[in-house]
Amino acid sequence: MFIISLSYKKDISEVDKFIEAHIQFLDKYYSEKKFIFSGRKNPRTGGIILVRNVDRDTLQEIIKQDPFYQNEIADYEITEVIPTKYDEDFALFI
C-alpha cells in the first residue's frame, strides 16, 4: 500500500486548468481498484492518494499518466505503508 502526497508547485489557477483531466485519471484507477481514496489537502497545497494492489515500479508508471505530472503541476512524494493494525472495516483494502 502506498500514500502519494502531491504538493502543488504552480499557482491554483494553473492547477484548476488541469483538474478535470486529473479527475479522469483518478477515475481510471478507481475503476481498476488501485486507488482507495484521494482528496485535497487543507489548506489547498496539494492532495493525497491512497493506493493498493501495485508495486512501486507500476506506481511510478501510473503517476506518469497524471496530467498534473505531465504538466509539471505537482511534485509527488511516495511512501510505502505495510498495515499491521487497522479497523476491521478497513480489512477489505489490505
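The largest pocket of this predicted model is lined by 14 residues, and those nearest its centre are Ile19, His22, Leu26, Gly39 and Arg40. A pocket here is an open set of points, on a 1 Å grid over the protein atoms alone, where a 1.4 Å probe fits and protein lies on both sides within 12 Å along at least five of seven lines; lining residues have an atom within 4 Å of a point. The elements giving two or more residues to the lining are β1 (2-8), α2, β2 (35-40) and β3 (46-51), with helices (H or I, at least four residues) and strands (E, at least two) taken as DSSP runs numbered from the N terminus. By type, the lining splits into eight nonpolar residues, five polar and one charged; Ala, Val, Leu, Ile, Met, Phe, Trp, Tyr, Cys and Pro count as nonpolar, Asp, Glu, Lys and Arg as charged, and the others, Gly among them, as polar. The volume of the pocket comes to about 180 Å³, taken as the space filled by probe spheres set on grid points that are joined across faces, edges and corners.

As for ground rules, residues are numbered from 1 along each chain as its sequence is written. Local features need pLDDT of at least 70 and side-chain atom pairs count only at pLDDT 80 or more, while totals for chains, interfaces and linings use all residues; side-chain values use heavy atoms, leaving out hydrogens and water.

Turning to the aromatics, the structure holds seven aromatic pairs (rings of Phe, Tyr and Trp, the last by its six-membered ring, with centres within 6.5 Å; planes under 30 degrees apart are stacked, over 60 edge-to-face, the rest tilted). In one of them, tyrosine 30 and phenylalanine 35 have ring centres 6.0 Å apart and planes at 85 degrees, so the pair is edge-to-face. Phenylalanine 35 is buried at 4% relative accessible area, whereas tyrosine 30 is partly exposed at 27% (buried means under 20%, exposed over 50%, partly exposed in between, with a 1.4 Å probe and protein chains only). Tyrosine 69 and tyrosine 76 are edge-to-face too, because their planes sit at 65 degrees, with centres 5.9 Å apart. Phe25, Tyr29, Tyr30 and Phe35 make up one aromatic cluster.

Tyr29 also turns up beside lysine 34, which touches Tyr29, Leu50, Val51, Arg52, Val54 and Ile62, residues up to four places away in sequence aside (contact means heavy atoms within 4.5 Å). Lysine 34 sits in the loop between α2 and β2 and, at 19% relative accessibility, counts as buried. Lysine 33 is in the loop between α2 and β2, but is exposed at 52%. Though not a glycine, lysine 33 has a positive phi of about 60 degrees. Asparagine 53, in the loop between β3 and α3, likewise has a positive phi, near 65 degrees, and is exposed at 58%.

Finally, lysine 64 is in the loop between α3 (56-63) and α4 (67-70) and is partly exposed at 40%. Its side chain makes a polar contact of 3.3 Å with the side chain of glutamate 61 (a pair of N or O atoms within 3.5 Å; within protein, one must be able to donate a hydrogen and the other to accept it, and residues adjacent in sequence count only if both atoms are side-chain atoms). Neighbours within four places aside, lysine 64 is in contact with Tyr69 and Gln70.
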